Amino acid sequence: MECNLTSSHKHLLLHVWCGLLTVAMLVMAALLISIKSKSTEVSQFNAITATLKSTGSSLSYIQLTKSPDNRSWQEFHSGGSCSFVHHEGSIHCRKNSLYFLYAQVAFTKHASQTRSKSVILVRNPADDKSLRKLAEGTFPPTTEGSVWVANVVRLKEDDTISINITGEVLSDITLWGAFELQSC
């Protein structure tokens with residue numbers, strides 16, 4: 001009987017030890033994710049664009065980054081067959097196609113704000129078209145961190161896309177853009 005009791009204690013101790021190791025692994029993974037380098041996010045985009053270039057893709061892409069003074073957008077990358085034009089903070093589409101639109105916005109934390117922080121990608125109104133939300137993300141007013149939004153949409157020639165941001169952002173990791181997925 002004593003042997004079975006010792007064996008069950010060892011078995012219980014083994015279960016506890018495995019549980020502690022599992023929790024430790026989860027904590028380490030969460031820590032690694034939370035301290036992820038800002039440059040990694042930009043390098044992921046660079047890897048995608050390098051792949052497009054190396055395969056000889058004629059599909060277009062554009063990326064805009066917040067200027068250091070946080071007042072305007074700067075064209076960071078563009079390539080392909082120039083389906084896009086950056087003009088006054090908007091992306092103008094020059095041909096009918098299927099596009100992947102994305103935005104990453106890093107918000108600062110300000111407890112005094114009462115409005116929630118938001119990121120909205122929109123197709124601007126023109127001629128017979130009304131304003132259309134293409135992607136949207138929101139954050140509570142006291143939260144600090146990044147919002148990532150994306151959507152696949154069909155755009156027509158002369159459509160323009162804009163981003164509307166409510167809240168203060170960190171310019172060095174706030175970006176948005178578009179990839180042409182399929183030429184029509």
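**Reading the labels on a predicted model**

Tutor: Lys 117 sits in strand 6 (residues 117-123) of this predicted model.

Student: Why is Lys 117 called buried?

Tutor: The relative accessible area of Lys 117 is 0%. Buried means under 20%, and therefore Lys 117 is classed as buried.

Student: What does the side chain of Lys 117 reach?

Tutor: The side chain of Lys 117 reaches the backbone oxygen of Thr 108, at 2.4 Å.

Student: Thr 108 is also in contact with Leu 170. Why is Leu 170 called partly exposed?

Tutor: Leu 170 has a relative accessible area of 29%. The class runs between the buried limit of 20% and the exposed limit of 50%, so Leu 170 counts as partly exposed. The residue is in the loop between strand 9 and strand 10. With neighbours within four places in sequence left aside, Leu 170 is in contact with Ala 106 and Thr 108.

Student: How is Leu 170 placed relative to Gly 145, and what are the two separations?

Tutor: In sequence, Leu 170 and Gly 145 are 25 residues apart, and their C-alpha atoms are 9.5 Å apart in space.

Student: Let us turn to charged pairs. How many salt bridges are there?

Tutor: The count comes to three salt bridges.

Student: What makes Glu 180 and Lys 95 a salt bridge?

Tutor: The closest N and O atoms of Glu 180 and Lys 95 are 3.1 Å apart. The limit between a side-chain nitrogen of Lys or Arg and a carboxyl oxygen of Asp or Glu is 4 Å, so the pair qualifies as a salt bridge.

Student: How do you know whether Glu 180 and Lys 95 are buried, exposed or partly exposed?

Tutor: Glu 180 has 3% relative accessibility and therefore counts as buried. Lys 95 has 25% and counts as partly exposed.

Student: What makes Asp 159 and Lys 129 a salt bridge?

Tutor: Their side chains meet with an N to O distance of 2.5 Å, which is within the 4 Å limit. Asp 159, at 4% relative accessibility, counts as buried. Lys 129, at 23%, is partly exposed.

Student: What is the N to O distance in the salt bridge of Lys 133 with Glu 136?

Tutor: The closest N and O atoms of Lys 133 and Glu 136 are 3.4 Å apart. Lys 133 has 52% relative accessibility and counts as exposed, whereas Glu 136, with 43%, is partly exposed.

Student: Which residues have the most contacts inside the largest nonpolar core?

Tutor: This core has 25 residues, and Leu 101, Val 119, Leu 121, Ile 163 and Trp 176 have the most contacts inside it. Among the elements giving two or more residues to this core are strand 1 (61-66), strand 7 (132-139) and strand 9 (160-166). Strand 5 gives the most, with five residues. Residues that Leu 101 touches include Leu 121, Leu 134, Val 149 and Ile 161.

Student: Which residues form a nonpolar patch on the surface?

Tutor: Leu 12, Val 16, Trp 17, Leu 20 and Leu 21 form the patch, with about 520 Å² of accessible area together. One of them, Leu 20, is found in helix 1 (residues 2-34).

Student: Why does Leu 20 count as exposed?

Tutor: Leu 20 has 52% relative accessibility. Exposed means over 50%, so Leu 20 counts as exposed.

Student: What share of the protein is buried?

Tutor: Of the 184 residues in the protein, 33% are buried. The protein has two helices and ten strands.

Technical notes: Residues numbered from 1 in each chain as written. Predicted model: local features only at pLDDT ≥ 70, side-chain atom pairs only at ≥ 80, totals over all residues. Heavy atoms only, no water. Patch = residues over 30% accessible without salt bridge, like charges linked within 9 Å, V, L, I, M, F, W, Y side chains within 5 Å. Areas by Shrake-Rupley, 256 points an atom, 1.4 Å probe, with all protein chains shown as cover. Helix = DSSP H or I, 4+ residues; strand = E, 2+ residues; numbered from the N terminus. Buried < 20%, exposed > 50% of the residue type's maximum accessible area, 1.4 Å probe, protein only. Polar contact = N/O pair within 3.5 Å; in protein donor to acceptor, adjacent residues only side chain to side chain. Core = buried A, V, L, I, M, F, W, Y, C linked by side-chain atoms within 4.5 Å. Contact = heavy atoms within 4.5 Å.
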